[in-house]
Amino acid sequence: MKKSEPLSSRQPSSPPSKSNDSKLVLPEAENARSIEALVGGLSLKGLEGFCQRFATGLHAGVDILRLLESEGKHGSSRHKEVAQSMYQLIRSGESLSGAMAHQGNYFPRLLMRMLRAGEHSGRIERCFAEMADHYRELKRARAMFLGQITFPMISLGLAILVITLMILINGFMRSGSATEEPFDVTGVGLRGTSGVLIFWTFLACIGGFLGLLVFGIWKNWFDCHKTLVPIVRNVPVLGPVFTNTAMARLSMTLSMMLGAGVDARRSIRESLLSTGNNYYISGVELAESQIEKGKSFSEALGSTGLLPDDFLQMLEVGELSGSDSESLERLAVTYREKAIAALSQLAIVAGMLIWLMIAGLILFAIFMIVMQIVEVYSGALKGL
């Protein structure tokens with residue numbers, strides 16, 4: 001692999017103009033939030049296939065327009081529509097990444113950012129090949145995670161179903177006399193259809209709250225990433241998933257940028273943006289300012305205080321040896337493997353937590369039933 005150029009040769013002689021900076025921002029269409037854009041995006045399998053087909057076609061010398069013509073003949077109606085739209089946009093002079101950005105949320109931002117780097121360097125083929133590998137690994141990790149938590153989730157659903165049946169049965173319980181309370185199977189006073197509705201409403205409220213919480217964190221409501229990420233990344237099992245995933249993306253992007261000879265300021269900006277995490281993205285301006293002062297990549301990224309020490313040390317060693325691009329490429333693979341391993345551990349822990357929830361529900365039900373029986377016997381003994 002070709003050695004990357006030294007930092008001094010990549011660094012721009014003067015700060016980029018505002019017109020250049022504007023090219024770093026995707027068109028407004030990327031922020032589209034229509035229902036079709038939200039639910040019609042490519043799946044991981046679709047992204048892997050799309051990137052693999054373009055990587056193979058470009059390697060064979062096939063023109064991008066011909067590849068898009070082929071894409072427009074296969075897949076879902078939405079995919080055909082996107083391919084035809086991109087075909088027309090590119091024919092009118094738009095870049096490939098720009099044409100993708102006009103398709104709402106059909107393509108992920110990481111892919112578009114990587115393609116912008118590939119277009120800048122003329123190495124789109126490598127970009128597609130790298131992203132095909134990335135989505136293949138991501139698909140495998142997701143399948144592994146879902147496979148490990150599927151049975152616990154089914155068991156939790158069955159436990160909820162059993163409790164629902166207990167509440168329904170409880171509605172048929174009758175007391176021996178008008179002065180006695182009917183036996184309560186659940187021990188919480190829920191009976192019949194009305195009790196089931198109350199129980200399901202309670203579960204829906206909990207699920208809705210958790211869903212809203214996760215969505216708010218994902219969208220960085222109230223700038224929560226700034227507070228939560230430093231806490232979460234120190235949490236065993238959960239922290240490594242977020243940290244390693246972000247570092248894998250950063251390493252992959254920065255490796256491609258440096259290997260392609262992209263200027264230092266743009267390289268460091270795009271690499272931080274590729275993490276997709278507002279905590280790391282918050283360091284873009286500071287890192288750029290350090291690059292403009294002639295600092296190395298490891299010094300510029302280190303000045304933000306956001307990145308782990310092992311990443312910065314490996315980057316520094318790579319810069320000293322003149323092989324920063326190659327070092328980052330190896331780091332990307334290492335962090336990706338760590339992220340997959342951490343995700344596997346997270347799936348195991350999530351499964352255990354679900355089992356604990358089931359055990360808690362069962363123990364609670366048993367405890368309440370026992371208390372009801374004890375109360376009945378106590379009343380009978382008092383009447384003797």
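Where is Thr304 found? I started my notebook with that one, and the answer is the loop between helix 16 (297-303) and helix 17 (309-321). Before going on, I noted that this is a predicted model, in which local features need pLDDT of at least 70, side-chain atom pairs count only at pLDDT 80 or more, and totals for chains, interfaces and linings use all residues. I also noted that residues are numbered from 1 along each chain as its sequence is written, and that side-chain values use heavy atoms, with hydrogens and water left out.

**Entry 1: Thr304**

I looked up its burial and found a relative accessible area of 16%, so Thr304 is buried (buried is under 20% relative accessible area, exposed over 50%, partly exposed in between, with a 1.4 Å probe and protein chains only). Its side chain reaches the backbone oxygen of Leu301 at 2.6 Å. Not counting residues up to four places away in sequence, Thr304 touches Gly283, Leu286 and Ala287 (contact means heavy atoms within 4.5 Å).

**Entry 2: the chain as a whole**

Of the 384 residues, 42% count as buried. Among contacts with a separation of 6 or more, 66% come from residues 24 or more positions apart. The chain exposes about 20900 Å², with carbon and sulfur atoms supplying 64% of it (Shrake-Rupley method, 1.4 Å probe; for residues, only the protein chains shown count as cover).

**Entry 3: the nonpolar cores**

Which residues touch the most other members of the largest nonpolar core? I found Leu96, Met100, Phe107, Leu111, Phe128 and Met131, out of 35 residues in that core. A core here is a set of buried Ala, Val, Leu, Ile, Met, Phe, Trp, Tyr and Cys residues joined through side-chain atoms within 4.5 Å. The helices that each supply at least two residues include helix 4 (44-59), helix 9 (124-170) and helix 12 (238-259). Helix 4 gives the most, with 7 residues. Apart from this core lies another, of 26 residues, among them Leu254, Phe311, Leu315 and Leu328.

I followed up on Met131: leaving out residues up to four places away in sequence, it touches Cys51, Leu110, Leu111, Met114 and Met252. I also checked His134, which has its place in helix 9. His134 counts as buried, at 11% relative accessibility. Setting aside neighbours within four places in sequence, His134 is in contact with Leu110, Met252 and Arg336.

**Entry 4: helix 5**

I listed the buried residues of helix 5 as Ile64, Leu67, Leu68 and Glu71. Seen down the axis, the buried residues of helix 5 fall within an arc of 100 degrees, so they line one face of the helix (the arc is that of the directions from the helix axis to the C-beta atoms). Their cover includes helix 4, helix 6, helix 7 and helix 9. Asp63 caps the N-terminal end of helix 5, with a side-chain oxygen 2.9 Å from the backbone nitrogen of Leu65.

**Entry 5: helix 10**

How far apart are the end C-alpha atoms of helix 10? I got 39 Å, which agrees with the 39 Å that its 27 residues (192-218) should span at 1.5 Å a residue; the expected span is 1.5 Å times one less than the number of residues. Gly192, Gly195, Val196, Phe199 and Gly216 are buried in helix 10, and its buried residues pack against helix 9. Leu203 also lies in helix 10, but counts as partly exposed at 29% relative accessibility. Just after helix 10, Asn220 takes a positive phi of about 60 degrees.

Is helix 13 largely enclosed or open? I noted that 9 of its 10 residues (264-273) are buried, so helix 13 is largely enclosed by the rest of the structure. Among the buried ones are Arg265, Arg266 and Glu270.

My last stop was Ser327, in helix 18 (residues 324-382). Ser327 is buried, with a relative accessible area of 8%. Beyond four places in sequence, Ser327 touches Met314 and Gly318.

Definitions and conventions
Helices (H or I, at least four residues) and strands (E, at least two) are DSSP runs, numbered from the N terminus. A polar contact is a pair of N or O atoms within 3.5 Å; within protein, one must be able to donate a hydrogen and the other to accept it, and residues adjacent in sequence count only if both atoms are side-chain atoms.
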